[in-house]
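Hi everyone, thanks for coming. Please have a look at the structure on the screen, and then I'll walk you through two places in it.

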Amino acid sequence: MTNRDPEPSSRKAIAKRALEDADHIKIKKSRTTKAKRKETDQNFDHWPQYFHSLFKVYKALNTVLAFVTSRKQLATTFPSIRSSVENITKQPLDMSQVAELKALLPEIITFAYVPRNQIQVNVSAKFSKDEPDFSAFAKHSSKEPEHVLLLEFAESWKGASGGTKASHNEYLVPATRTPAATKKLVEKRNDRFIKAVNELLAATSSSDDPVFLLKAAARDYIPVDPEHIKNNPSVDETAHMPVPSSEDRAPVYDILAELQEQHWYKDQIVERRTVEPREGQTGCLEPLLSSSIQQALQSSRNIETLYSHQATAINALNSGKDVIVSTSTASGKSVIYQVPLLRLLENDPHTTAIFVYPTKALAQDQKSALENLLRACPGLEHIQVSTYDGDTPVEQRAGIRASASVIFTNFDMIHAAILPHEELWRRQAFLKNLRLFVADELHYYSGTFGSHVAQIMRRLRRVCVAVGSTYVSQVQQSYTSVIVIFFTHLPRLHTDHHARFVSCSATIANPLAHMVNIFGLDSSQIQVVTEDGAPTGMKEYLLWRSPYVDEHEPALGRQSSIAEATALMRFLMKRGIRVILFCKIRKVCELVMKTLRNELSSEGRYDILERVQAYRGGQSFWYRILHLVVLIRRSDLGYSAEERRRIEHDAFTGHLLGIIATNALELGVDIGTLDAVLMLGFPVTLASFRQQAGRAGRRKRDSLAVFIAEGLPIDQYYLNNPHELFDKDTDDLLIDLDNEIILEAHIQCAAHEMPICFEDEKYFGPLLKEICKFKLHRDEDGWYHPDSKCLPSPSKLISIRGTQEDKYVLVDVTKSDTSAKILEEIEISRAVFEVYEGGIFIHQGRPFIVQEIHHDTMLVKLVQADVNWITKQRDFTDVNALQTYRTRAIKATPHRAYYGRVEIFCQVFGFYKMRHNVILDVVDVESSPWIHETVGMWIDVPDLVLQLLRDKCIKPAAAIHSAEHAFLNQFPLASDIRTECKAEEKEYLKKESRRKRPARLIMYDPVGHGSGVAAKAFEHASDTLNKALVAVESCRCERGCVKCILSASCKEGNIVSSKPGALAILKAILNIEINPDSIPFETDERALHGHDSIISVSPVHTRTPQSVPIGNASST
Ligand SMILES: [Zn+2]
Ligand SMILES: [Zn+2]
């Protein structure tokens, strides 16, 4: 769909027709096809002559197109069918006539210039593994593709099934249409024309001429060759108005009014909320700032007054309190810790501070802001601010420790580099002079990662207290003196001498509790600031539902959400609205970019295209790894890491008009003034939804946030319950301070940093004594030291974010192997599914074909491919329980939960070539499986209930999948654990699969995590199962919702689900009697198809149960 957004014009008749369509649908439903045919047949005698001749053209066109497309899914160009049509009509076919038809039936006819690659389809040559098919992209690889005029009827006329399914989950195999079916299709489309004309006539007032109206409307639909526009910019000034600057753009309110007049607007907005603008509230500092700080704020930031929340927080810090600030995005939170830092430095130039950010990009951004502020502050210009992270070269580190007053770092560094070498920092008195500790974006630290961070903070505070005294530095080597320190300095923990802790976070449910948990501070010492004093502009929120492809034929399904997102994005960008579009996964991000690239180039809007970028997340180690790769392989690969820098720079300086991003950008990197946020699909949590929505609208400007729903159940749930998006509390951020695996690991580290005594219970809690006794080594004076198996570096044995996977390097060898260029890197677990020989990999919206994969060097060679199809892998993933380590009875039942070794087995065995959602070809590939081991817990499903489910036509696989999510929904650390998600195309396939899975709920630690979360789930299995049962049984939703069986993080979009099935399984495991009559018959059409992939379980063997500990925090 390329021509969905022409400028509005006099489309009176067309608009009127749309209004009346609703009535026609009702009529149509109540009559048989025959009756309808009769009605429409009788109904065109009164037409003005012009419409009869136009009908003749339409019929000819219809016949030719139906004939041409009956055998192959080939795109049809205007020149290629023109002569055939003229042969039938015996008159010349004019572009303006086609445009008139398009104006009459805009949803059904596509008539636009598209890049040539859009129509190149090569379905015949099935290529072998050794011989990829490059024929289709031999040309046009170096410049923008030229365009051809495409003429076709809506894709889905080819016979889509299903109503409101997720568009990316339904694939169509191209049909070979029979002559009878073709004839029927032609008739149906002819009826559609008659109907459209009748509607137009009925909507035209007697003073208007319908022919004139139609011709006027058609002017917008005459396609213009983008190449022509590119070369002759003045050719069509009205259709291609220059993009207004950010300052000159129209208000969002007006733009939304204009949006609703577009011909492609079909009531997609199902909910609209307007948040009125808010005046700022200022506050006063007590005492006032020095004149030099005032001057610095004014000259570097243009700040003259502080908002109330800033003043409250700064005053609290000044009075010796610790502070947590939880306010909206863009409320000026950084001032809250920058100003106190300047004050402290003014009072004592030896003051040091640590600033911690969750990502490097964020740290970098904030570091330059602080440097500018210091440079503008008389007397503090010389203060050194340094980054101290994994990228900091070792030879520079000593210098930084010696001379930096402020370091920008992250918890990974504190854990692995700063604390273990605490003596190096002590020598330079950095930790001793530490007066301010800042952790921004506190909400980022939750789940397993948050639990690690909490222990790291306790270790840091312990060391700081120990070195925070001049007395300590004199007698630092004596253990007994350490005791003295604890006793003498504990009560003075929060005197003026002590470091203060400041944290900022997005709006979270319970900021105080989270601050207390992460820092281990006393809650009475903490000032909570949640009153936001920053002014905000008007904000519009929209919920967007894709319309039916053809509202007269709901069976054709809905428009793809990607097409909706790009149409909206183009519309907004043309009006000078700076847009960010968030996608959940990288692959969608690239598909959106590809679609946008095609559409904008079809429209000739290269001016906009060059201002759009895709920005993928998950690349925080990008530079370092890329650097390493180049060093290690010493290859002659070109170096293109600049690409990410350029995107960042463009974003920060405001050149970009559109950014397509995964949620990595969620984390508060300042990307300048954005006017609109589009969210394609529900972001995994409510907190993310609000974070992302908060990215638009700075400095009193009005802004827009749009949630574009995908077809997934979770998205549908929020479409039906929009109030929850805005009003429901986000979940508490949970961390687990009692996770023994995590705790022990950090106590070993702490003991290495400074010997431990039982006094340290105040940091590490009541489990300390037991862990010391059993896991640490006690010396004769009673001090505890790390166990010898953890030496020499206990911190190296813990991976606080989970192990970073090895990555494949993807290189572009389009020109030649020797001038290859690195495109990007992807983790093994993703590479398995995204790169396979002959497959299409999309980078920055451009398709590349995978030419060769070298598994030994982890190198993938790609060639730029000017093709219009994409590939979708055919794969399966099995999660297999291999060996039972431990079992545990499920309370009050004869059943058990198991904990043990689990294997993840992924196999890609081929791929589909696809254009839109149509399968063009099926290709087999031979690749070795990807196998990984981890630990997990499982619960077997009793046989009896499987039979009960089958009796009601409920797929056991759907019931098991839903029961797994119901279990995880009640498990606090669910975000750090995985389950075996069931995919629609595998469960509901028509063809019987040979793969059968045992009837088992299974959950496992993500590969490389060894975080002990699965062990935790195992320990709490009984409780969690009972909670899940209550949640599902008492939930009043009909088919499942986020409160009972749906999960926002389901890898397969929750399509395969059954609420009654989950309930039956939970009851069976908990040994609760099930009344067979209480289970309803399956009603979901799709679920009735397909086969039963579940078989009875048998217990997993328990060989060598003692030899392996539960969890394995130290080695994986
Ligand atoms: Zn529910
Ligand atoms: Zn799932």
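Let's start with helix α29 (residues 740–753) and helix α31 (residues 768–775), whose axes come within 11 Å and cross at roughly 70°. Helices here are DSSP runs (H or I) of at least four residues, strands (E) of at least two, numbered from the N terminus. Axes are lines fitted to C-alpha atoms, for helices over the stretch in contact, with angles from 0 to 180 degrees between N-to-C directions. α29 and α31 are therefore roughly perpendicular to each other, a label for angles of 65 to 115 degrees. Which residues make the contact (heavy atoms within 4.5 Å)? L743, E744, I747 and Q748 on the α29 side, with L768, I771 and K775 from α31.

A quick word on the model: it is predicted, so local features need pLDDT of at least 70 and side-chain atom pairs pLDDT 80 or more, while totals for chains, interfaces and linings use all residues. Residues are numbered from 1 along each chain as written, chains are lettered from A and ligands numbered from 1 in written order, and side-chain values use heavy atoms, without hydrogens or water.

Now, what coordinates the zinc ion (ligand 2)? H961 (NE2), H965 (NE2), C981 (SG) and C1050 (SG) do, at 2.0 to 2.2 Å. The two cysteines, C981 and C1050, lie 69 residues apart and link distant parts of the chain. C981 counts as buried at 18% relative accessibility, and C1050 does too, at 9%; buried means under 20% relative accessible area, with a 1.4 Å probe and protein chains only.

Key:
Donors are N, O and S atoms within 2.8 Å of the metal (3.2 Å for Na, K and Ca); water is not among the atoms, so sites may look incomplete. Buried means under 20% relative accessible area, exposed over 50%, partly exposed in between (1.4 Å probe, protein chains only). Angles under 35 degrees count as roughly parallel, over 145 as roughly antiparallel, 65 to 115 as roughly perpendicular and the rest as oblique. Contact means heavy atoms within 4.5 Å.
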